[in-house]
Amino acid sequence: MTTVDYPILQARDLRKIFPVSGGRKLVAVDGVSFDLVPGKTLALVGESGSGKSTVARCLVRLVEPTSGKVWLDGMSIIELDPVALSKTYRRVQMVFQDPNASLNPRMTVREVVHEPLWLHLRMPKDQREARARRLMELVGLTYAHLDRYPHELSGGQRQRVGIARAIAVEPDIVILDEPTASLDVSVRGQILELLLDLQKKLNLAYLFISHDLQVVQHVAHRVAVMYLGGIVEVGPTAAVFGHPEHPYTRALLSAAPVAKWGAKRQRLRLAGEISSPIDPPDACRLVGRCPLEQPSCAKARPPLTEIGDEHSVACPVVTAGDRAVPSAA
Amino acid sequence: MSEAILEVRNYSGAFRSATGDLTPILEDVSYRLKTGAMTAVVGETGSGKSLTALSVLGLQPATFVRTSGEILFKGRNLVTLEEREIRAVRGAQISMVFQDARAAMNPVFTVGSQLADVYRLHHGSSKREAMAKAIDALRRVYIPEPERRARQYPHEFSGGMAQRAMIALAALICQPQLLILDEPTTGLDVTIQAEIMELIVDLTKNSGLTTCLITHDLGVVAETCDEVVVMNSGRVLETASAEAIFTAPQNPYTRKLLAASQLVQSEAEAA
């Protein structure tokens, strides 16, 4: 494959703080950096409240980041005025979790797919229709579906329409926010195959947001694990799933059930529940829950440190190599 | 063959539309829940797995019409009971946990008072004693600081904590013989899901409960259940021990569902 390996999008030190009552601050995203590469998928994995969706929204400024940089092909998105920003949307598109909520019930599939072609490309009607038909083929629907309303489609078909709308304007990047979370397992597989197929055909860079570890392992080239607004571990999918190092990653992976008889997993347990993102102290976010905790963990927030081939972990205990709990495998 | 606490026999039904037309929705559903075992009823959207379970408790939607079949609970046919009689069974002998625990609770009463009220309804006791039972139940599902938590409202509970409280209510306050859980961990994070499932297994093993887990997640089933019923489009396609379902599935749909759930594993095996 002749993929260009330089990033199409770079995010550096993104930070989003929401003010809450009493002058307190909710730190939703705290210093997140990553690259998106054409033809490759970066997965953002994390549980609810980890900030993964806020990161995605910051990239396209649906949520205005408090600080940080986003470069799209070398152009800084953060400084753009609204008009120039809307032009970048042709290059960065989104697919949302719930196709029932993200498709206008009063618009036919034709109108849904035509709209971005007109808005972004001012394409005349006959060309729009030709493109719409090609898109239907690409996403595995038929021309007849163009006349349907969303309620006439199944959940999987609706998600195909959502994908068709996203790729209609030939973007470079598609942000997929839990694209299979509301689908049945048998449909989930089909949608994932479609996404993989489109990525190959169109050389798309994906930012794939999911809490479904199985799905992520299936589609991602790189995985970034988020916990309370920060990336705690990032690396090639095989490395993160094969040799998870951060205690949170290990807890997360060992908690995921496997649909297989007699699959034994050694649970790494975290104490208690996720702590509050409001006014967090300058410490590792896992303090109080972590089985490897050292006194130094509460003193400063550990940075991501490279431990192997493009595999980084934000845990000084792991990187120092004196783990208190032996590795499962 | 071991004793079955509940037996669904040739249960069929349809939805009646406004014009009176009947759309068949359950066709000849039969399964048994063995006493003391954990049985999973597995299926995708529209398989009829929840509708069958709701029928057990007489909670099916008003537009649902039973066309044939019976549901035997300890030999007694539930579908022919009067509303008054089924209410005596509901909660006291068979209780149910729903997917969204926070939606299932009343937002304007504290969690403790809701548990205590149900305790008084079923067992009749003083308010003080009922509240003590409520706090004890919360403690037994590992809710930290149960005295303080009992005074809080549902919105102050996280999803996982609320589900624990619902399980405390359904299993420990009601003290049923059969506990039906409809997608109890859907919508919860995986680390929380693992803990809730451990709690359910723990209660089943240690309280002499019979448990029926309704789910679409075969991963959860593989680790926790003894028996599996696979449903699709309103029919039961396969019934077997969990081991047989995962190691030697007979029905093509079961095999398809298993392959779809294993995305990665099946690939790893092929490689």
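Modeller: A residue is called buried here if 20 or more other C-beta atoms lie within 10 Å of its own, and exposed if 12 or fewer do. The model is predicted. With that cut-off in hand, take strand 8 of chain B, residues 210–215: six of its six residues are buried. In a regular strand the side chains alternate between the two faces of the sheet. On one side of strand 8 of chain B are B:Thr210, B:Cys212 and B:Ile214, on the other B:Thr211, B:Leu213 and B:Thr215, and all of these are buried, which leaves both faces covered.

Next come the strands that pair with it. Strands of a sheet pair through backbone hydrogen bonds, either parallel or antiparallel. Strand 3 of chain B, residues 38–42, pairs with strand 8 of chain B in the parallel sense, over five bridges. In this pairing B:Met38 stands opposite B:Thr211. Strand 7 of chain B, residues 178–182, is also joined to strand 8 of chain B by five bridges in the parallel sense. Here B:Asp182 has B:Ile214 as its bridge partner. Between strand 7 and strand 8 of chain B the chain passes through helix 8 of chain B, residues 190–206, and this β-α-β crossover is right-handed.

Helix 8 of chain B leads over to the other chain. It is among the elements against which the buried residues of helix 10 of chain A pack; the others are helix 8, strand 9, strand 10 and helix 9 of chain A. Helix 10 of chain A covers residues 247–255, and eight of its nine residues are buried, so the rest of the structure largely encloses it. Those buried residues are A:Pro247, A:Tyr248, A:Thr249, A:Arg250, A:Ala251, A:Leu252, A:Leu253 and A:Ala255.

The contact between the chains takes 25 residues from chain A and 27 residues from chain B. On the side of chain A that touches chain B, the elements giving two or more residues are helix 7, helix 8 and helix 10 of chain A. The residues on that side of chain A comprise twelve nonpolar, seven polar and six charged.

Chain A also has a sheet for comparison. Four of its strands form an open, antiparallel sheet in the order 2-1-4-5. Strand 2 and strand 5 of chain A are the edge strands, each pairing on one side only. Within this sheet, strand 1 of chain A, residues 9–20, and strand 4 of chain A, residues 67–72, run antiparallel and are joined by five bridges. A:Leu9 has A:Leu72 as its bridge partner in strand 4 of chain A.

The loop between strand 4 and strand 5 of chain A holds A:Asp73. A:Asp73 is not a glycine, yet its phi is positive, about 55°. Because 13 other C-beta atoms lie within 10 Å of its own, A:Asp73 is partly exposed. A:Glu310, in the loop between strand 11 and strand 12 of chain A, likewise has a positive phi, near 55°. With 10 C-beta neighbours inside 10 Å, A:Glu310 counts as exposed.

One more loop residue of chain A is A:Arg148, between helix 5 and helix 6. A:Arg148 has 16 other C-beta atoms within 10 Å and is therefore partly exposed. Leaving aside neighbours within four places in sequence, A:Arg148 is in contact with A:Thr108, A:Val109 and A:Leu153.

Technical notes. Residues numbered from 1 in each chain as written. Chains lettered and ligands numbered in written order. Predicted model: local features only at pLDDT ≥ 70, side-chain atom pairs only at ≥ 80, totals over all residues. Pairing = 2+ DSSP bridges. Right-handed = clockwise from strand over helix to strand, strands pointing away. Contact = placed C-beta atoms within 7 Å. Nonpolar A, V, L, I, M, F, W, Y, C, P; charged D, E, K, R; others polar.
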